[in-house]
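Please look through the sequence and the model shown here, and keep both at hand while reading. The paragraphs that follow move from one part of the fold to the next.

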Amino acid sequence: MTPFQGSAQYVATPDLMLAVNAAVTLQRPLLVKGEPGTGKTMLAEEVATALQMPLLQWHIKSTTKAQQGLYEYDAVSRLRDSQLAGADGAERVKDIRNYIVQGVLWQAFTAEQPVALLIDEIDKADIEFPNDLLRELDRMEFHVYETRETIRARHRPLVFITSNNEKDLPDAFLRRCFFHYIKFPDAQTMQAIVDVHFPDLKKELLAAALKSFYDVRNLPGLKKKPSTSELLDWLKLLVAEDIPVSALHSADDKVVVPPLVGALLKNEQDVSLFEKLVFMQRQNR
Ligand SMILES: Nc1ncnc2c1ncn2[C@@H]1O[C@H](COP(=O)(O)OP(=O)(O)OP(=O)(O)O)[C@@H](O)[C@H]1O
Ligand SMILES: [Mg+2]
């Protein structure tokens, strides 16, 4: 398989490419962590496109159970059909397979061609969830009790698992994954990411905006640091509102509260912390 090298829409650092290719070689799930908005979900989409694999996505919520990814038995429909159905319906009711609803893993295992599978935000589910999937992800098979069949993967799917670190994952689960932490992009990588999204942005505006962004981000004590996706939103607004470069810093090059700061700072404590810093700088000069 051709190794992953990033794409026209997605900037991958060398260590990220290495991690993707390591997971492909090992045939183990790639567990991706990183701050919100650092491109974890998008990575799976981009790798799937680059390797020309269909991508099946499973977005995890607090109520998601591992079993739902395998299959669910729809007993309610079967009961209803058995009460209401005429002759055709009776045929349908007899065969329990008509009431087995396939989950994402089932679809991934039985797909004609190798697929990529994204298990997004695994840390949202309860603590049992990763443990319940150990065997399925390891052996790539599971048993359907209702029909007494075993579903085996025709091709091992390329699995991506993302986590925002809200809960720790069990050791037994970690053992089976290749791990990569997407570090917050350094200035150079960030520049490349912005270029991908806004190829026509004026150099001066970009430089000033990036400086402002890192000033905000490096403020000690922030409750929520703005991330890549927030920078991109903010730049979009700056362009749309036609904000001049001069609005981003004062004449003497001191920090100012940037316009439309609501795209970057998402709670009032952080905004007032930043305002205090600007105020103190003004006092000092
Ligand atoms: N390396 C990158 N190259 C290009 N765009 C990126 C990159 N990283 C992030 N982005 C941009 O940031 C947006 C957010 O990315 P994504 O949704 O994948 O983040 P995430 O890490 O999954 O966040 P969350 O943890 O909140 O789900 C993307 O839609 C993309 O526009
Ligand atoms: Mg995501």
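Predicted model: local features only at pLDDT ≥ 70, side-chain atom pairs only at ≥ 80, totals over all residues.

In the hairpin formed by S6 and S7, where 4 residues lie between the strands, Arg-148 takes a positive phi near 55°. The names of such elements follow a rule: helices (H or I, at least four residues) and strands (E, at least two) are DSSP runs, numbered from the N terminus. Strand S6 (residues 141-144) and strand S7 (residues 149-152) run antiparallel and are joined by 4 bridges, where two strands are said to pair if DSSP finds at least two bridges between them.

Residues are numbered from 1 along each chain as its sequence is written, and chains are lettered from A and ligands numbered from 1 in the order in which they are written.

Turning to the open sheet, one finds 5 strands in the order S2-S5-S8-S1-S9, with parallel pairing. Strand S2 (55-59) and strand S9 (178-182) stand at the edges with a single partner strand each, so one side of each is left without a neighbour in the sheet. Direction ignored, neighbouring strands of this sheet are turned by 20° against each other on average. Strand S1 (residues 30-34) pairs with strand S8 (residues 158-163) in the parallel sense over 4 bridges, and S5 also pairs with S8 in the parallel sense over 4 bridges. Phe-160 of S8 takes part in both pairings, for it is the bridge partner of Leu-30 and also the bridge partner of Leu-118.

Helix H1 (residues 14-26) lies across S1, S8 and S9 and runs at about 165° to S9, where axes are lines fitted to C-alpha atoms, for helices over the stretch in contact, and angles run from 0 to 180 degrees between N-to-C directions. H2 packs on the sheet as well, touching S1, S2, strand S5 (116-120), S8 and S9, and its direction makes about 175° with that of S5.

How many of the residues of S8 are buried? The count is 6 of its 6 residues, and S8 is described as mostly covered; a residue is buried if 20 or more other C-beta atoms lie within 10 Å of its own, exposed if 12 or fewer, and partly exposed in between, with C-beta atoms placed from the backbone. In a regular strand the side chains alternate between the two faces of the sheet. In S8, Leu-158, Phe-160 and Thr-162 point one way and Val-159, Ile-161 and Ser-163 the other way, and all are buried.

Leaving aside neighbours within four places in sequence, Phe-160 is in contact with Leu-30, Val-32, Leu-43, Ala-44, Ala-116 and Leu-118, contact meaning that the C-beta atoms of two residues, placed from the backbone, lie within 7 Å. In soluble globular proteins, nonpolar side chains tend to be buried together.

Two loop residues deserve a comparison. Gln-27, found in the loop between H1 and S1, has a phi near 55°, a positive value in a residue other than glycine. Glu-121, in the loop between S5 and helix H7 (128-132), has a positive phi of about 65° although it is not a glycine. Which of these residues is buried and which is exposed? Gln-27 counts as exposed because it has 12 C-beta neighbours inside 10 Å, whereas Glu-121 is buried, with 20 other C-beta atoms within 10 Å.

Finally, consider the ligand. Of the 17 residues around ligand 1, Pro-36, Gly-39, Lys-40, Thr-41 and Met-42 come nearest, a residue being near if its C-beta atom, placed from the backbone, lies within 6 Å of the molecule. Helix H2 (40-50), helix H10 (187-197) and helix H12 (228-240) each supply at least two residues of this shell.
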